[in-house]
Amino acid sequence: MKSNNILYIAIGLALFNSGCKKALDLKQQGVYTSDNYFRNEVDAVNAVSGIYSLLEEEDYIGHAESTFDTPSDDYWRSGDHGEDEAIENLTYDASNPAIRYPYKWRYEEINRSTNCIINIPKITAISADVKNRSMGEAYFLRAFGYWRAMLIHGDVPIITDEDYAKQLFNVPKSPIEEVRKQIESDLLKAVDLLPESYGPSDRGRVSKGTALGLLTKLYMYWEKLPEAITTGQKVINNAHYALAANYTDNFTRANENSTELLFSIQALQNVVQNDFTVYYIPRPWGGYGFSQPLQGLANEFEANDPRKKATLLAVGDIIDIGLVSTRQSVFTADLSATGFAFRKYAVFNPPNGTNDGGVDHSYAVPLLRSADIYLLVAEALIRTQGAGAGDALINQIRRRASASLPPVSGAGMKELIHERRVELAGEGERHQDLMRWDKKNIVDIAAIYNLPVSKAPLDQSKTITFIRPKNYYFPLPQQEIDKSKGVLIQNPNFK
């Protein structure tokens, strides 16, 4: 990690160069440091907004983090990023660019958040509500940066507040147990400080439910199942975080007010401009055509499950792609090598010049949904109390999908695994789910990935070899190891 990895907040703060000479003896204007920037409420809000802005980075949440789900049995990576093929095939090494790209952005998020955590308490010209909210947002967003780093790499560096104050960023890795404790600590503080909900002017900010949701996920990955149940039920039992009336409501342009979206990116989109949608849209329609679903995922849906239609575009389907010249377009075989695309992310605007005057439209890109938490709590109940203990929660998810789906009775892990796969398809959960279940001998991930599935559509015999424990975590980027000059030690499975 760079030793000078100072954050730059949204309004363009620049690191003051104390060695520069005055020009014409004029006092330089508009140059700030962390010491002189945080003066009032507006500064605090802008600084926190600068943390959120990182989530739109293409090499972070915008796209790169989704690469780490490509080994899963749900879809073929597709696209023209050669480095993604090694991630998908589990043949990567520490020099792979796809491993390097998001690493710096996770720590930029951590550093920007820490800057706010240190400096916002010093502001006096700020209301108590905004101060608490801003601190809660910063704690959550720092936890999220560590969450992504821990999920992908396991043991990672923790930059303490003291390290940050000393500008000491080149620090050794901390054991994963300590990283989990850091995330937990930040999330508990966020839960205490954040409001339950917001008005329209603050739409998209993280809430108490957001922090509780991520804390539930942390406890599940930590195998603290009773804590996951207690925490997750606080989301489930709060009307502010209720499931959307219809499954598809979470993936439309009108989804910004969905109570189910615990964490989302409020992005402007002019047809296919934002990265969150453009990567999934076929190239002939103006997208990049990445992450093409496989037949195995399509087969997982029950015959009468409308989530299949809401999730996948299949050959013969008709979709409005928002162009004046071609309002209704047929999804044809030449649009995807696998025969499918993700409909849930193919979000188009009305055509310019007809009913919207060419205005950009906002769209909330889901990062964490209440449905995920329902199913995590159902899983924890099944694993602690036995088959059937999660039926009520699983059936709430199924009833929301369709009244015609038969309810489960006495559901065990097989039924839970199915429900998570179809409910959360394409949302970056499958590979991580399979790995955490494999660690507890609930599934055999190596056997699943070694099946002759069509990962490369033209090679029906291709298999993926999962090696335990090597492939549970990705290596630290070799570039970061080299820059640390011996401070960072590589994952022992990649030496």
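Predicted model: local features only at pLDDT ≥ 70, side-chain atom pairs only at ≥ 80, totals over all residues.

Trainee: At what angle do helix 2 and helix 5 pack?
Mentor: About 20°, and the axes of helix 2 (residues 41-52) and helix 5 are 10 Å apart. The axes are lines fitted to C-alpha atoms, for helices over the stretch in contact, and angles run from 0 to 180 degrees between N-to-C directions. Helix 2 and helix 5 are therefore roughly parallel to each other. The cut-offs are under 35 degrees for roughly parallel, over 145 for roughly antiparallel and 65 to 115 for roughly perpendicular, with the rest oblique.

Trainee: Which residues of helix 2 and helix 5 meet?
Mentor: From helix 2 they are E41, V45, V48, I51 and Y52, which meet V130, R133, S134, E137, A138 and L141 of helix 5. The residues of that contact between helix 2 and helix 5 divide into 7 nonpolar, 1 polar and 3 charged. Contact means heavy atoms within 4.5 Å. Ala, Val, Leu, Ile, Met, Phe, Trp, Tyr, Cys and Pro count as nonpolar, Asp, Glu, Lys and Arg as charged, and the others, Gly among them, as polar.

Trainee: And how do helix 5 and helix 7 pack, at what angle?
Mentor: Helix 5 (residues 128-153) packs with helix 7 (residues 176-193) at about 155°, their axes being 8 Å apart. That makes helix 5 roughly antiparallel to helix 7. Helix 5 passes helix 7 in a left-handed crossing. The contact of helix 5 with helix 7 divides into 13 nonpolar, 3 polar and 5 charged residues.

Trainee: Stepping back, how many helices and strands does the chain have?
Mentor: The chain has 18 helices and 10 strands. Helices (H or I, at least four residues) and strands (E, at least two) are DSSP runs, numbered from the N terminus.

Trainee: What share of the residues in the chain is buried?
Mentor: Of the 495 residues in the chain, 58% are buried. Buried means under 20% relative accessible area, exposed over 50%, and partly exposed in between (1.4 Å probe, protein chains only). As for contacts in the chain with a separation of 6 or more, 69% are between residues 24 or more positions apart.

Trainee: How many residues of helix 15 are buried?
Mentor: In helix 15 (residues 413-423), 9 of the 11 residues are buried. They include L416, H418 and R420.

Trainee: Where is N40 found?
Mentor: N40 sits in the loop between helix 1 (34-37) and helix 2, and N40 counts as partly exposed at 28% relative accessibility. Leaving aside neighbours within four places in sequence, N40 is in contact with I123 and A125. The side chain of N40 also reaches the backbone nitrogen of D43 at 3.0 Å.

Trainee: What is phi of S78?
Mentor: Near 55°, a positive value in a residue other than glycine. Most residues other than glycine have a negative phi, and most peptide bonds are trans. S78 lies in strand 1 (residues 75-78) and is buried, at 8% relative accessible area. Phi of K485 is near 55° too, but K485 is exposed at 75% relative accessibility.

Trainee: Which residues does a cis peptide bond join?
Mentor: R468 and P469, with omega about -10°. P469 lies in the loop between helix 17 (445-449) and helix 18 (478-484).

Technical notes. Residues numbered from 1 in each chain as written. Heavy atoms only, no water. Left-handed = near helix turned anticlockwise from the far one by under 90°. Polar contact = N/O pair within 3.5 Å; in protein donor to acceptor, adjacent residues only side chain to side chain.
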